Amino acid sequence: MNKLFPVIFLAFLTANAQSQTSRFTDVIPYPASVTARQGSFSVKSNTVLIYDSEETKRIAGLYAEFLKQTKGLHLPLKKGSPSHNRNAVIFNSQSAPSEGYEMKIDPENIVLKGNGAGMFYALQSLIQLSKFTDAGTPGIPAGTISDKPRFGYRGMHIDVALHMFPFEFLKKFIDLMAQYKLNTFHWHLTEDQGWRLEIKKYPGLTQAGAWRAQTLLGSAQDEPMGYDSIPHGGFYSQQQVKELIRYAADRYITIIPEIEMPGHCISALAAYPELACGDHPGPFKTIESWGIYEDVFCAGKESTFTFLENVLTEVMELFPSKYIHIGGDEVPKTRWKTCKYCQQRIKDNHLKDEHELQSYFIQRIEKFVNAKGRTIIGWDEILEGGLAPNAIVMSWRGEKGGIAAAQQNHQVIMAPNDYIYFDHYQAKPEQEPLGFPGLNPLSKVYNYNPASDALTAQQKNYVMGAEACVWTEYMPTPAKVEYMILPRMLAFAEACWTPIAQKQYKPFLEDRLPLHLWAIDKKNDTHFFVPMAIGAEDDRVFQGKSFSVSLKPTVKGARIFYTLDNMPPRETDYLYEKPIVIKVPDGEKRILKTIVITPSGRRSAISKTTYINTRPSPLTTY
């Protein structure tokens, strides 16, 4: 018996440590390094928040405000040294790897160490852990986190040109990014369908180009359904832009503006038609549908470059970001082929064709932007005809363009549409609101690796990071945007931040995500997609006589309802409380359907699993 005791005790410690670890690592994105310990720290009414600089005072104040709003605690802030403080949360300025931090939680106190963005990210981890004390956790579990991001560029794109969104919603979008340690807000401001940025030198851009008479109903990929006959538009003033830049900077988020060129510009041509090809172009109107249109900026007229340089000058005066996105995607060459000005430009510059004319266009804009001390980013079409010398390629048509650019020793931001475009469906289209064709479910987003294995170790150094894109053809409301980005944004954040060795989809889906969705659901002010029940094998067929099905909700506190008669489940049907035993007589089948309903009433899509006790013929469908 004495020989068995150490083994039993070790097993107990291991099991308890695993329990502590699972409680301790509820943070998203998952940290780079975690060490769990026994015990926990409880924030109480007499806890003191200690800071040592003006920046840590600001961040300690953010934590105090969080505790006030969520737990009704009014904690004092006190300047002091990190030593000899019990029952305290200590914000200690200390140099760390870029955006990195350390957090040590003991039963006596919590110490956060970092600088700038690192300290802010330590705060986000602490806030997450503090939230979950409301989910049955007695305190903030003890342990140490040593953390830093895998990639320096962790971006979210939002297109406000296809649909305009309220200014306050953009702040909410930035807040969501900050909570999950995303650091770049790519603001897509111009399109054929709308110009959204005030340019004082060219007031016509917002007087004419910011508005369209109506908007297409339904999907552009299907039979047309007509138009809604509702005028749509608006723009952001330069004062609003300055305010949003400050708001984002307080959360260590950089805003990168995008002004599309030479294509996707008909909203600009509606105001200034002389910038199009030909002697008497236009008239144009802001586009009311979706797609690619042949009218683009004329690459042969000097007036085009004068206009764009003036626009970009105002843009760069507004936005302090190092990077300026100039688009460059989906540029038809039809007008250039027949335009005497463009053809003369090709001849004068000894260009091979219209593809090289586009390269000329991009390189000329790049020289102007570089002269202002900035760097351009362009979609991967800027590779066509020769890449501008200092340009950063944003690879959206899969990874191919990004791989090619990295192989040419150019910096790359991965944004492949077949992985991290959030306008694509996240579940079965027949049960989802209208989206762009394509399926990017949560698991696919989570498992995306921005540093492709097609690159060598040296070439991977050119991958700056990744960006998830939100194109809004089919997102007319802020609620729809929220639904399409959540919870995929959380999976994307982990794909950008967490080392590959630490990434595991199963604990993300089953342990951590349900807590985060519970916190969002509890506030009931943000829409999100509810994933199907864990363990529900959707669209699968199993053969046999007897089955036991175990399920878990994807949101903490949610309930799972199910049916066995192929009917859609609802609250009046069976409530899942224990594993479902399904017995199938010879020659018959049973169809299990499940739905997850959160405490606030949000519903998942319905899963369908077929269990049969006969071998189907090749033509049999279920």
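Reader: At 14% relative accessibility, does Cys 277 count as buried or exposed?

Author: The model is predicted. Buried means under 20% relative accessible area. The relative accessibility of Cys 277 is 14%, so Cys 277 counts as buried.

Reader: How many disulfides does the count come to?

Author: A disulfide needs two cysteine sulfur atoms within 2.5 Å. The sulfur of Cys 265 has its closest cysteine sulfur in Cys 277, and at 9.4 Å that is too far for a bond. Cys 277 is in no disulfide either, as the nearest cysteine sulfur, in Cys 339, is 3.7 Å away. The count comes to zero.

Reader: Is the aromatic pair of Trp 396 and Tyr 421 stacked or edge-to-face?

Author: Trp 396 lies in the loop between strand 17 and helix 12, and Tyr 421 in the loop between helix 13 and strand 19, 25 residues apart. Both Trp 396 and Tyr 421 are buried. Planes under 30 degrees apart count as stacked. With 6.2 Å between the centres and 15° between the planes, the pair is stacked.

Reader: Over the ring of which residue does the charged end of Lys 181 sit?

Author: A charge over a ring must be within 6 Å of the ring centre. The charged end of Lys 181 is 5.7 Å from the centre of the ring it sits over, that of Trp 497.

Methods. Residues numbered from 1 in each chain as written. Predicted model: local features only at pLDDT ≥ 70, side-chain atom pairs only at ≥ 80, totals over all residues. Heavy atoms only, no water. Buried < 20%, exposed > 50% of the residue type's maximum accessible area, 1.4 Å probe, protein only. Phe/Tyr/Trp six-rings, centres within 6.5 Å; stacked < 30°, edge-to-face > 60°. Helix = DSSP H or I, 4+ residues; strand = E, 2+ residues; numbered from the N terminus. Lys NZ or Arg CZ within 6 Å of the ring centre and 35° of its normal.
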